[in-house]
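Have the sequence and the 3D view at hand, and take the sections one at a time.

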Amino acid sequence: MKVAALSNTQLAHRLRSEGIWLRTGPVVTHIQTPLPEVAEAIGQSYAHHELTDPAWADFHVRVYAPFLRGHWRAQSQFSFDGYIPFKPLPRAHAFALLEWGLNWCVANHLHNHLVIHAAALERGGRAVVLPAPPGSGKSTLCAALIHRGWRLLSDELSLVRLSDGRLSALARPVNLKNTSIGIIRNFAPEAVIGRETHDTSKGTVAHLNPPPESVIRQDETAAPGWVVFPKWQAGAPAELKARSKARTLLHFADNAFNYSQLGSAGFRAAAALIDASGCYDFTYSNLDEAIAVFEQLAAT
Amino acid sequence: MWRIPQANEILLRRWDDEWVVYHVDSGSTYLLNALGGCVLQALRNGQVGIEDLSGQVASCLPADEPADRLQESIQESLRQFMRLHLVEACA
Amino acid sequence: MHRDLVSLLLRDPVAASTFGLSDWDLLVRQARRAGLLARLLTRLRQHGVAEHVPEQALLHLESALTVADRQAVAVAWEARMLRDALADTGVPIVLLKGAAYVMARLSAAQGRTFSDVDILVPEASLPEVESALMLAGWHGDRRNAYDQRYYREWMHEIPPMQHWHRGTTVDVHHGILPRTARLKPNSEKLLAAAVDLPGSPGLKVLSPVDMVLHSATHLFHNEELSMGPRDLSDLDHLLREFGESADFWQDLPDRAADLDLTRPLYYALRYAARQYATPVPPDTMAALEALSPAWPVRTIMDGIYRRMLAPHHESLEDWGTPLASLSAYVRGHWLRMPPHLLLPHLFYKAFLAERAEAAQEKEIGAERPR
């Protein structure tokens, strides 16, 4: 059964009581929350996702409003089965907190994959991995590409399977910030974007729904294809430049959440991904031009 | 004589003139230039004296280096690798 | 309230064949909280019953073991770095707890997670050791004056030191209990009986009997019982492994008496036997029973520790749990600090520490989600 099969009231009620068991790719998360606005956001962002049998969940999480001594404004807290990995955030950011928490669960516990801090998209059976520091325009680019023929695997976490080097999909909402929210609304009028939250540590944040097809095909893995480091630069023509593979490996060593924990398996997985991928730096200023370059890339 | 200690496991990858080495025991990952990579590569086959080492490194390197300069550079590499516990001197 | 599936499986791995998927779901949750996920997998494999683990659960057991195995390598490396740093001082370094189990290749190292490295050195060598560590790249944590004093004068440690590059932490002890504690085990005796680690000159570990006593003391004098179930499981492993030698069970109570650690040993054997079915010889248990506390105390202690030594998961909480937790916390401190020092300390920890931390965090930058 899909989330959309439940009415808002039913969904909110379940989340308040026994919770829901939500599947995203290879992961099942048991979510509970008494907060109605989070229930609403889940209903919207995860409409096409599957609810599974309560017998099993990989992760059990809660988002709630704790009573905290000394804090006069309402807060929200994320709990991983009784363990609290983050400091609380203002109540208004509760859904964003849940999303970060779900990322944290995967990054810290899914050690049958190398988990890289990068977006991953698929085209023609091959994956493009897009690592980028915050503020580089990666999420905007990613949000644009998934409305121009690329399938969303993940916006934040590239999951490289240790057993065969293929990339797994999570097909979860895409985090948009500030001006990119307006840009994507224009670029893709069909995109479903949730409520905007203001005054987060990153400015204004909103969540873009994963396109329905990416959810339907969430069990399809992808072979390695390309690693592209995007950088938005005012006035720059869209251009790919070959990038040192050795330096790319160092970057992954630094930016894969579980690289240290995986030891030699992590090194091998990262090296294999790079070996099998074209590695590029990419500068651009115009989204349409960027899309065109990626089209050419897909054709190679 | 120089060698990689027996218990030391290192993983090496090479792309063109750049190498990356992973040192299992310390969990450290290093980016190396052609010289460093060739030195470690040569030491993987067992302990080596400095002359043999120079010969192996010379054939591994992309460009030619004058022999005495090469030996000096190799010594410097070995010193750095020793500090990182990647190699050790032996009798 | 649910069953403690973790202790059940550790006691009786064959029971894995009776578990349904939802049992595995609960087990993974409890074991994760207890820090025993990896150890469970090793135990199941040893008994040839790992095939009963469904693949969804196996992912988590294997992930935990991957991390534990990697940490063991990291700890061994850290021990080596410490040895190199302190080699010139000539001070004998005795590894404690997890690092000792790894370097001595004890079964207690299996499936265990590690964070800091703990070492024991003679009290007189402390300044020299601290200097040598600083020269080699460790530095004291940025702690305020109160915590510095707590650590140096009242506890048995200089504040933990962090390595600037590796980010690893070393806790340097000169005793196994604070100077201010009620019991006064003699550190010199422990150091004198320490044994060399083959293959690692300069590093030692406590003798088997002392290792057990240290583990028992650490567990039953500590206010931090979050690793209670795991520490008790370590004890179970140590007792089984060392217990194969006949002398061990005779030496253990004698040495405990000599070091004034009979009470923690009594509790250690009692609870390990109950929770993990550790085979303690009846004679040994009887000898200790004779010295055990009177029944009201014992019943209360049983109540506290039955809850605190089970995994700290909501599925195992009952009406008594918050009280058990608080009692264990207060008891831990009570044993480490006399009352006239304890109250101001607890007050500080409860109310002022947060403010001091907050002030520090503004400087350092607290962890926020990305």
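## Two domains in chain A

Chain A splits into domain 1 (3–109) and domain 2 (113–299), with bounds that come from an automatic or database domain assignment. Before going further, please note that this is a predicted model, in which local features need pLDDT of at least 70 and side-chain atom pairs count only at pLDDT 80 or more, while totals for chains, interfaces and linings use all residues. Residues are numbered from 1 along each chain as its sequence is written, and chains are lettered from A and ligands numbered from 1 in the order in which they are written.

The C-alpha centres of domain 1 and domain 2 of chain A are 24 Å apart. Their contact involves 17 residues from domain 1 of chain A and 22 residues from domain 2 of chain A; two residues are in contact if their C-beta atoms, placed from the backbone, lie within 7 Å. On the domain 1 side, the elements of chain A that supply two or more residues are helix 2 (36–45) and helix 3. Helix 3 of chain A gives the most to this side, with 7 residues. Helices (H or I, at least four residues) and strands (E, at least two) are DSSP runs, numbered from the N terminus. Sorted by class, the domain 1 side that touches domain 2 of chain A has 7 nonpolar, 9 polar and 1 charged residues. Here Ala, Val, Leu, Ile, Met, Phe, Trp, Tyr, Cys and Pro count as nonpolar, Asp, Glu, Lys and Arg as charged, and the others, Gly among them, as polar.

## Chain A as a whole

Chain A has 10 helices and 16 strands. Its C-alpha atoms fill a box of roughly 50 × 45 × 40 Å along the principal axes. A compact globule of 300 residues would have a radius of gyration near 19 Å, and chain A agrees, with 19 Å. That radius is taken over C-alpha atoms, and the globule rule is 2.2 Å times the number of residues to the power 0.38.

Of the 300 residues in chain A, 50% are buried. A residue is buried if 20 or more other C-beta atoms lie within 10 Å of its own, exposed if 12 or fewer, and partly exposed in between, with C-beta atoms placed from the backbone. Among the contacts in chain A between residues at least 6 apart in sequence, 72% join residues at least 24 apart.

## Where chain A meets chain C

How many residues of chain A are in contact with chain C? There are 18, and they meet 19 residues of chain C. On the chain A side, helix 3 (94–109) and helix 8 (259–262) are the elements that give two or more residues. Helix 3 of chain A gives the most, with 3 residues. The chain A side divides into 8 nonpolar, 8 polar and 2 charged residues.

## Sheets and a hairpin

In chain A, 5 strands form an open sheet in the order 1-2-3-4-5, with mixed pairing. Strand 1 (20–24) and strand 5 (89–90) of chain A are the edge strands, each pairing on one side only. Two strands pair if DSSP finds at least two bridges between them. Strand 1 and strand 2 (residues 27–32) of chain A run antiparallel and are joined by 5 bridges, and A:Thr24 has A:Val27 in strand 2 as its bridge partner.

In chain B, 6 bridges join strand 2 (residues 10–15) to strand 3 (residues 18–23), and these strands run antiparallel. B:Arg13 stands opposite B:Val20 in strand 3 of chain B. The two strands form a hairpin with 2 residues between them, and B:Asp16 in the turn has a positive phi of about 55°.

## A look at chain C

An open sheet of 7 strands in chain C has the order 3-4-5-2-1-7-6, and its pairing is mixed. Strand 3 (138–140) and strand 6 (195–196) of chain C stand at the edges with a single partner strand each, so one side of each has no neighbour in the sheet. Strand 4 (residues 161–163) and strand 5 (residues 169–173) of chain C run antiparallel, joined by 2 bridges; C:Gln162 stands opposite C:Thr169 in strand 5.

Is C:Lys97 buried or exposed? C:Lys97 is buried, with 23 other C-beta atoms within 10 Å. This residue lies in helix 5 (residues 97–103) of chain C and has a positive phi of about 55° although it is not a glycine.
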